Amino acid sequence: MTVGYFAPLPPAKTGVADYAEALLHALRKHGEVNVNARNADVALYHIGNNQLHSAIYDRALAHPGIAVLHDAVLQHFLLGRLTEEQYVDEFIFNYGEWTRSLAEDLWKHRARSAADPRYFAWPMLKRLAAAARAIVVHNPAAAAIVRQHAPDARVIEIPHLFVAPETPSEPDTLRFRDQLGLGPRTLFIGLFGHQRESKRLPVVLRALERVWRSRADARLLIAGSFASSDLERSLAGQLSDPRILRLGYLPERDFWRYAAAVDLCINLRYPTAAETSGIAIRLMGIGKPVIFSNGAEIARIPENACLRVETSPAEEELLAHYIAWLAHCPEAAEEIGRRAAAHIAAHHALETVAEQYWETFFTHAKTPSSPRISL
């Protein structure tokens, strides 16, 4: 059996590209996998919510195969590629004629789409989900969204993969922390990846201000460029605090150097695209505790292997409480990290994930595809 493989790959600076490259190498241990192959027994399409996936999306509709949804919301992807008329028609195709005025309003105010929850509440998945032989998702939240749009779709949940890295030795990490000016008991908190409104950075900064007023020893790393210049400008005063270290995109080696140095990762999401954070999986895999926004996206993670906060009026207060607790009780952070690493090793190992994909290929390679739905 041959597999056609369609995905953005490095040097594209996206988590999907890193994921796709790691999976590609693992799948090739099982059989023939060819990038952008036009003739194969089955095609695997990696689909995300940005224009890097535009040609892949078109081919997934024209030549149905197995689609991996890295985001279960394609609203922003479609806003970026369709005209107003096309967008309204696509919205109606997904949700019915009664939504025409809503579609027109969403198009009119699309500049707000990065933060307005309405754009995340209408994922617009029907065309892809109805055409695909199967849809692969990484968590129950994404699976539920696919089934809402296409009840007959074949939905397969495969955990997000983890590739164990070569992390620096403990002495090297301690020396690196010393170079960064961190004390032996400083809680070093990491926020990694592109910073956009949905990652709740204003909430994190306000929670940290509460923690600093209590004189807890904590510092913040923001590693990643801002996807929103408006967000960056609005936080300029707070981001100038000397206890905050700001970096841009980190190459792989540097990413793991800083990841090894942090004591805690914060990974909040609201509104959510039902995505599984590859960064969070990486940090958990090397034994770091992660604070998540609670939701079905993390339903498979044991309660004692991470920390959860509700997106509610109490979000900031609870986040500050967790940070202060871990700053004063590093042993708790270490124990949560150990449990996180054990969970990732058991369920997210690269070879385990690759085997599940290969089983999916055999199941669906010769299954007749659904009727093609044209644009």
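Me: What does Leu128 touch, leaving aside its neighbours within four places in sequence?
Reply: Leu128 is in contact with Ile47, Tyr57, Ala60, Leu61, Ala67, Leu69, Leu74 and Ile135. Contact here means heavy atoms within 4.5 Å. Keep in mind that this is a predicted model: local features need pLDDT of at least 70, side-chain atom pairs count only at pLDDT 80 or more, and totals for chains, interfaces and linings use all residues. Residues are numbered from 1 along each chain as its sequence is written, and side-chain values use heavy atoms, with hydrogens and water left out.

Me: Which residues touch the most other members in the largest nonpolar core?
Reply: Ile47, Tyr87, Leu128 and Val146, out of 45 residues in that core. A nonpolar core is a set of buried Ala, Val, Leu, Ile, Met, Phe, Trp, Tyr and Cys residues joined through side-chain atoms within 4.5 Å. Buried is under 20% relative accessible area, exposed is over 50%, and partly exposed is in between, with a 1.4 Å probe and protein chains only. There's also a second, separate core of 36 residues, which includes Leu191, Val203, Leu205 and Ile266.

Me: OK, helices. What's buried in α4?
Reply: Tyr87, Val88, Glu90, Phe91, Ile92, Asn94 and Tyr95. Helix α4 runs over residues 84-95. Helices (H or I, at least four residues) and strands (E, at least two) are DSSP runs, numbered from the N terminus.

Me: And what covers those buried residues of α4?
Reply: The cover includes α2 (54-62), α3 (75-79), α5 (100-108), α7 (126-131) and α8 (140-149).

Me: What follows α4?
Reply: Gly96, with a positive phi near 105 degrees.

Me: Now α17. How far does it reach from its first C-alpha to its last?
Reply: With 15 residues (350-364), α17 reaches 21 Å, close to the 21 Å expected at 1.5 Å a residue. The expected span is 1.5 Å times one less than the number of residues.

Me: Which residues of α17 are buried?
Reply: Val353, Ala354, Tyr357, Trp358, Thr360, Phe361 and His364. Seen down the axis of α17, they fall within an arc of 155 degrees, so they line one face of the helix. That arc is taken from the directions from the helix axis to the C-beta atoms. On the other side of α17, Glu359, Phe362 and Thr363 are exposed.

Me: What does His30 touch, not counting residues up to four places away in sequence?
Reply: Glu351, Ala354, Glu355 and Trp358. His30 sits in the loop between α1 (15-27) and β2 (32-35), and it is partly exposed at 31% relative accessible area. Its side chain also makes a polar contact with the side chain of Glu351, at 2.7 Å. A polar contact is a pair of N or O atoms within 3.5 Å; within protein, one must be able to donate a hydrogen and the other to accept it, and residues adjacent in sequence count only if both atoms are side-chain atoms.

Me: Switching to charges. How many salt bridges does the count come to?
Reply: 19 salt bridges. The rule is a side-chain nitrogen of Lys or Arg within 4 Å of a carboxyl oxygen of Asp or Glu.

Me: What does Glu157 pair with in a salt bridge?
Reply: Arg300, with the closest N and O atoms 2.9 Å apart. Glu157 lies in strand β6 (155-157) and Arg300 in the loop between β11 (290-293) and β12 (307-309), so the pair ties together parts 143 residues apart in sequence. Glu157 is partly exposed at 28% relative accessibility, while Arg300 is exposed at 53%.

Me: And Arg206, what's its salt-bridge partner?
Reply: Glu316, the closest N and O atoms being 2.7 Å apart. Arg206 is in helix α10 (201-213) and Glu316 in helix α15 (315-328), so this pair ties together parts that are 110 residues apart in sequence.

Me: Where do Arg339 and Glu335 lie?
Reply: Both are in helix α16 (330-347), four residues apart, about one turn of the helix.

Me: Last one: which residues are linked with Asp105 in a network of salt bridges?
Reply: Asp116 and Arg118.
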